[in-house]
Amino acid sequence: MAGGKEIRDKIKSVESTRKITKAMEMVATSKMRKAQERMRTARPYARKIRNITGHLAEASPEYSHPFLVTGSDARKVGIIVITTDKGLCGAMNTNILRMVTHAMRDFQESGIGSDLVVIGNRGLSFMTRIGARVVAHAVQLGDTPHLERLLGPAKVLLDAYQNAQIDAIHLCYTRFINSMSQEAVMEQLVPLSGNNVRAERGTHSWDYLYEPNPADVIDELLVRYVEALIYQAVAESFASENSARRMAMKAASDNAETVIGDLKLVYNKTRQAAITKELSEIVSGAAAV
């Protein structure tokens, strides 16, 4: 059994760790509220523009934007992966990176290659380590996402899609559900078909009148569509990151409290055993005299 001084040193060490995790929990709580407010503010706009764009995809206008056209034979897809710059946020990064690697393996088994755009230090270091093809990245975004920093790397894949170099672009991020739960999701960004078109199907058809002309309106709308979905995905990831970090730091603080209690119990037992041993030696010495 360890001596009393060693146990006291362990208790002091764990108490110092608990102070750090408690402070990080409070910081994450403060950032979480701002991130959730930003994310909830952006959700209605992203949902509306997704619906309008989905209706547009079903309207079959006379002008066909590349984002509305399928059928490329490039046998390659683009994946935008959104992770965090920092760790200590539970299994959030692990879940999203596991989903991406499984998707890449499925694509590879089908003979389809993958080009990646990675947002966040954690994802970039992981993808570099496994040898994935990363064509662009963005790191050190801070506490507030800025659209101009996000669109630069994403434009690499968008240009490749418009040039028929890739067949589709998928967006992988962590969706915020509530403060206790986050979900890793993978959605198709372009072309506008499949699950990413949230339009009312089978009830009625959609038709639009365009001013000044279909090309200008559709081009501008689809640019806004891509911007809104990428920004919303990053906002969701930021909210999920701070919520996950808050829960991880709270769990660490609670575990530190438990460890301190156990160490104090061991210390008291050790101290009591030492006192009992000393008393026994005194009594034995007195009896011998």
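Reader: How do the axes of H2 and H3 cross, and within what distance do they come?

Author: In this predicted model, the axes of H2 and H3 come within 11 Å and cross at roughly 40°. That angle makes H2 oblique to H3.

Reader: Is the crossing left-handed or right-handed?

Author: H2 passes H3 in a right-handed crossing.

Reader: Which residues make the contact?

Author: On the H2 side they are Asn 93, Leu 97, Val 100, Thr 101 and Met 104. H3 contributes Arg 122, Gly 123, Phe 126, Met 127 and Ile 130.

Reader: And how does the contact of H2 with H3 divide by class?

Author: The contact has 6 nonpolar, 3 polar and 1 charged residues.

Reader: Staying with H3, which of its residues are buried?

Author: Helix H3 covers residues 121-130, and Gly 123, Leu 124 and Met 127 are buried in it. These residues lie on the same side of H3, because they cover an arc of only 100° around the axis.

Reader: What covers the buried residues of H3?

Author: The cover includes helix H2 (92-109), strand S2 (113-119) and strand S3 (134-138).

Reader: What follows H3?

Author: Gly 131 follows H3, and the phi of this glycine is positive, near 80°.

Reader: On to the other pair. At what angle do H4 and H5 pack?

Author: Helix H4 (residues 147-162) and helix H5 (residues 214-288) pack at an angle of about 120°. Their axes are 10 Å apart. H4 and H5 are therefore oblique to each other.

Reader: Left-handed or right-handed, for H4 and H5?

Author: The crossing of H4 and H5 is right-handed.

Reader: Which residues meet there?

Author: From H4, the residues are Leu 147, Leu 150, Leu 151, Ala 154 and Leu 158. They meet Val 226, Glu 227, Ile 230, Tyr 231 and Val 234 in H5.

Reader: How do the residues of that contact divide?

Author: The contact of H4 with H5 has 9 nonpolar residues, no polar ones and 1 charged.

Reader: Now some backbone points. What is phi for Gln 140?

Author: Phi of Gln 140 is near 55°, which is a positive value in a residue other than glycine.

Reader: Where does Gln 140 lie?

Author: Gln 140 belongs to the loop between S3 and H4. Its relative accessibility is 52%, so Gln 140 counts as exposed, the cut-off being over 50%.

Reader: What about Ala 164: what is its phi, and where is it found?

Author: Ala 164 also has a positive phi, near 65°, and is likewise a residue other than glycine. Its place is the loop between H4 and strand S4 (168-178). With a relative accessible area of 46%, Ala 164 is partly exposed.

Reader: Turning to the peptide bond from Val 190 to Pro 191, is it cis or trans?

Author: The peptide bond from Val 190 to Pro 191 is cis, with omega near 0°. Pro 191 lies in the loop between strand S5 (181-190) and H5.

Reader: What separates the C-alpha atoms of Pro 191 and Ala 251?

Author: The C-alpha atoms of Ala 251 and Pro 191 are separated by 42 Å, and the two residues are 60 residues apart along the chain. Ala 251 is in helix H5 and counts as partly exposed, at 35% relative accessibility.

Reader: Let us finish with H1. Where is Gly 4, and what is it in contact with?

Author: Gly 4 is in helix H1, which covers residues 4-59. Leaving aside neighbours within four places in sequence, Gly 4 is in contact with Tyr 267 and Thr 270. At a relative accessible area of 21%, Gly 4 is partly exposed.

Reader: And how are Gly 4 and Ser 240 separated?

Author: Their C-alpha atoms are separated by 43 Å, with Gly 4 and Ser 240 being 236 residues apart along the chain.

Reader: One more in H1: what of Arg 40?

Author: Arg 40 lies in helix H1 and counts as partly exposed, at 46% relative accessibility. The C-alpha atoms of Arg 40 and Thr 53 are separated by 21 Å, and these residues are 13 residues apart along the chain.

Terms used:
Residues are numbered from 1 along each chain as its sequence is written. This is a predicted model: local features need pLDDT of at least 70, side-chain atom pairs count only at pLDDT 80 or more; totals for chains, interfaces and linings use all residues. Side-chain values use heavy atoms; hydrogens and water are left out. Buried means under 20% relative accessible area, exposed over 50%, partly exposed in between (1.4 Å probe, protein chains only). Helices (H or I, at least four residues) and strands (E, at least two) are DSSP runs, numbered from the N terminus. The arc is that of the directions from the helix axis to the C-beta atoms. Contact means heavy atoms within 4.5 Å. Axes are lines fitted to C-alpha atoms, for helices over the stretch in contact, and angles run from 0 to 180 degrees between N-to-C directions. Angles under 35 degrees count as roughly parallel, over 145 as roughly antiparallel, 65 to 115 as roughly perpendicular and the rest as oblique. A crossing is left-handed if the near helix is turned anticlockwise from the far one by less than a right angle, and right-handed if clockwise. Ala, Val, Leu, Ile, Met, Phe, Trp, Tyr, Cys and Pro count as nonpolar, Asp, Glu, Lys and Arg as charged, and the others, Gly among them, as polar.
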